Amino acid sequence: MEQGAWRTLVGLMTRLPAALDTQLQRESGITHFEYFVMTLLSEEPGHRLQLNELAQKANASLSRLSHVVSKLERLGWAERVSISGRRGAQAVLTDAGFRKVTEAAPGYVECVRGLVFDGLDDEQTRQLRELGEAMVAQLDRGLTRGLGRSTRPVTNFGLEDHENR
């Protein structure tokens with residue numbers, strides 16, 4: 001049962017992002033991740049957010065986010081602003097970036113509905129949200145334990161140290 005569920009999930013994780021990227025690239029010249037980052041900024045007061053907080057909301061490493069913000073800066077859609085007296089910087093969506101994300105939104109929403117939500121009723125949509133939340137929580141727990149990372153934290157997970165016996 002797990003194998004079938006896993007293969008279905010892998011199919012979704014592989015095909016859906018590719019389809020969203022294709023649609024956004026074709027219609028707006030941006031990737032799905034770039035659109036997502038700009039959308040997150042567009043929803044914040046002043047269209048700005050601390051880079052580490054933006055990385056967390058975007059489910060991305062700070063390195064990946066920094067790379068994307070640099071690209072958005074080159075395109076004139078975002079700015080990186082140092083915070084006086086504090087460490088770090090904020091990403092700020094420019095007026096041009098806000099226009100870009102606003103122009104891309106209708107096609108994106110239509111694509112998401114056509115690829116996902118048009119095939120679900122209200123109860124299935126509720127279940128999808130609950131399953132997604134449970135899966136993200138489990139993912140976070142696994143990452144905290146060091147699964148799926150290049151280096152795992154050294155821990156004995158409650159086991160006694162055999163050398164000190």
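Student: Which residues of α2 are buried?
Tutor: This is a predicted model, where local features need pLDDT of at least 70, side-chain atom pairs count only at pLDDT 80 or more, and totals for chains, interfaces and linings use all residues. Residues are numbered from 1 along each chain as its sequence is written, and side-chain values use heavy atoms, with hydrogens and water left out. Buried means under 20% relative accessible area, exposed over 50%, and partly exposed in between (1.4 Å probe, protein chains only). The buried residues of α2 are F33, E34, Y35, V37, M38, T39, L40, L41 and S42.

Student: How many of the 11 residues of α2 are buried?
Tutor: Helices here are DSSP runs of H or I with at least four residues, strands are E runs of at least two, and numbering starts at the N terminus. α2 is mostly covered. Its buried count is nine.

Student: What do the buried residues of α2 pack against?
Tutor: Contact means heavy atoms within 4.5 Å. The partners include both helices and strands. They are α1 (2–28), β1, α3 (51–57), α4 (62–74), β3 and α5.

Student: At what angle do the axes of α2 and α5 cross?
Tutor: Axes are lines fitted to C-alpha atoms, for helices over the stretch in contact, and angles run from 0 to 180 degrees between N-to-C directions. Helix α2 spans residues 32–42 and helix α5 residues 95–115. Their axes come within 10 Å and cross at roughly 115°.

Student: Which residues of α5 make the contact with α2?
Tutor: From α2 come H32, Y35, M38, T39 and S42. By class, the contact has seven nonpolar, four polar and one charged residues. Nonpolar covers Ala, Val, Leu, Ile, Met, Phe, Trp, Tyr, Cys and Pro; charged covers Asp, Glu, Lys and Arg; the others, Gly among them, are polar. The α5 side supplies G97, F98, K100, V101, A104, A105 and Y108.

Student: What is the strand order of the open sheet?
Tutor: Two strands pair if DSSP finds at least two bridges between them. The edge strands, each pairing on one side only, are β1 (48–50) and β2 (78–82). Pairing is antiparallel, and the order is β1-β3-β2.

Student: Which residue is the bridge partner of S82 in β3?
Tutor: β2 pairs with β3 (residues 89–93) in the antiparallel sense over five bridges. The partner of S82 is A89.

Student: At what angle does α2 run to β3?
Tutor: α2 lies across β1 and β3. Its angle to β3 is about 95°.

Student: Why does R80 count as partly exposed?
Tutor: R80 meets E73 in a salt bridge of 3.3 Å, N to O. E73 is partly exposed at 31% relative accessibility. R80 is partly exposed because its relative accessibility is 29%.

Student: How far apart are the closest N and O atoms of E133 and R129?
Tutor: Both residues lie in helix α6 (residues 122–144), four residues apart, about one turn of the helix. R129 counts as exposed at 61% relative accessibility. Their salt bridge spans 2.9 Å.

Conventions:
A salt bridge is a side-chain nitrogen of Lys or Arg within 4 Å of a carboxyl oxygen of Asp or Glu.
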